[in-house]
Amino acid sequence: MARIRLGMVGGGNDAFIGGVHRIASRIDDRYELVAGALSSTPEKSQASGEALGLPRIYDDFKQMAIREARLKNGIEAVSIVTPNHVHYAAAREFLKRGIHVICDKPLTSTLGDAKKLVKAAESSDALFILTHNYTGYPMVRQAREMVAAGEIGKIRVVQVEYPQDWLTQHEDFKQAEWRTDPARSGAGGSTGDIGTHAHNLARFITGLEVESLAADLDAFVPGRQVDDNGHVMLRFEGGAKGMLWCSQVAPGNENALRIRIYGDKGGLEWAQEDPNYLWHAPFGEPKRLITRNGAGAGPAAARMSRVPPGHPEGYLEGFANIYSEAADAIEARRDGAALSDDVIFPTIDDGLRGVQFIDACVRSSARNAAWVKL
């Protein structure tokens, strides 16, 4: 089958996440990158596009959306990998022209824009895929499958954390520069950048929605305008309780996303820095280690895996799995075919809930960690 014609907005020279998305789109050979508006200035966009050998390079995303929609062989999907404040305007331009959108998280920089983008997506024939890449890890799918099968029983406690250390002090480089600027990142700092990943992971594995929360946010680095650390208590639907910690000022932590889930029949534990392993603790029995593609791993994990057990598989492959699931959905839509129930990817609804989480954290912390509803 012909590869999907892909465009990209953002992700030019020196942009970390753009390179990640390009690699992810190529791993399973499902896409061909043919167009881009890769930077906020025409000169940088042109230079970045030439470096990648793109056939069509644009000065801005609106010009790109208009032109590509008119071309006989224009792009079928666009990957949006800009700072957060550009997501809404860029995604809207492509959605209203029927071009599928694959967008980095969080969905938008404000809750108002998130709600408007949901309406734009609902009015469009195009698909919207949000790249919460950790949902593409094989053992995350394994945990989700086990929870759904009732293997740990009724969930009581969810603990999820995502500490990093890269913003422990003031740093003068591109990633820090926009991520700590509320005009571009949004009101949430660590809550928006990594707290949304932790929140999404808890929802994805448990299938439970957060009903209310109490958040205590801090900006420990003097002069920082957004939070760099957050402690959040969670109340889930059905009575489960949880705690979420996100921090970018925790020395010794690089990318330490971890989740623990406890039910009345047992518990599960998974860590992103050791992603090929899932601990299962049935109550009253010895703790068990389930390995990716090993004994005890089920079909949901196998669908997400490419190599035999014992070989490292993680971050880039997780992104690639989201891109491949998106490709399945795009091809099904193109061919008028039914989409398999096995195909799972984060949607614009997941994006809205993520921005609602950020908004609720900021509101709660401003009220001295009062409980607020999402």
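Residues are called buried at under 20% relative accessible area, exposed at over 50% and partly exposed in between, with a 1.4 Å probe and protein chains only. By this scale Ile27, at 35% relative accessibility, is partly exposed. The model is a predicted one, in which local features need pLDDT of at least 70 and side-chain atom pairs count only at pLDDT 80 or more, while totals for chains, interfaces and linings use all residues. Residues are numbered from 1 along each chain as its sequence is written, and side-chain values use heavy atoms, leaving out hydrogens and water.

Ile27 belongs to helix 1 (residues 16-27); helices (H or I, at least four residues) and strands (E, at least two) are DSSP runs numbered from the N terminus. Together with Ile23 and Leu316, Ile27 makes a nonpolar surface patch of about 200 Å². The areas come from the Shrake-Rupley method with a 1.4 Å probe, and for residues only the protein chains shown count as cover.

Turning to the interior, a nonpolar core is a set of buried Ala, Val, Leu, Ile, Met, Phe, Trp, Tyr and Cys residues joined through side-chain atoms within 4.5 Å. The largest has 42 residues, of which Ile205, Leu213, Ile259 and Trp270 touch the most other members. Helix 9 (residues 190-206) supplies the largest share of this core, six residues. A second, separate core holds 32 residues, including Ile99, Cys103, Leu111 and Phe128. Helix 9 also contains Asn200, which is buried at 5% relative accessible area. Beyond its neighbours within four places in sequence, Asn200 is in contact (heavy atoms within 4.5 Å) with His132, Thr135 and Asp350.

What of the cysteines? Cys103 is buried at 0% relative accessibility, and Cys246 is likewise buried, with a relative accessible area of 0%. The closest cysteine sulfur to that of Cys246 is in Cys361, 6.9 Å away, too far for a bond. With a disulfide taken as a pair of cysteine sulfur atoms within 2.5 Å, the count is zero.

Some backbone details deserve a look as well. The Lys105 to Pro106 peptide bond is cis, with omega near -10 degrees, and Pro106 sits in the loop between strand 5 (100-103) and helix 5 (111-122). Asn368, not a glycine, has a positive phi of about 60 degrees and is exposed at 73% relative accessibility.

Definitions and conventions
Patch = residues over 30% accessible without salt bridge, like charges linked within 9 Å, V, L, I, M, F, W, Y side chains within 5 Å. Salt bridge = Lys/Arg side-chain N within 4 Å of Asp/Glu carboxyl O.
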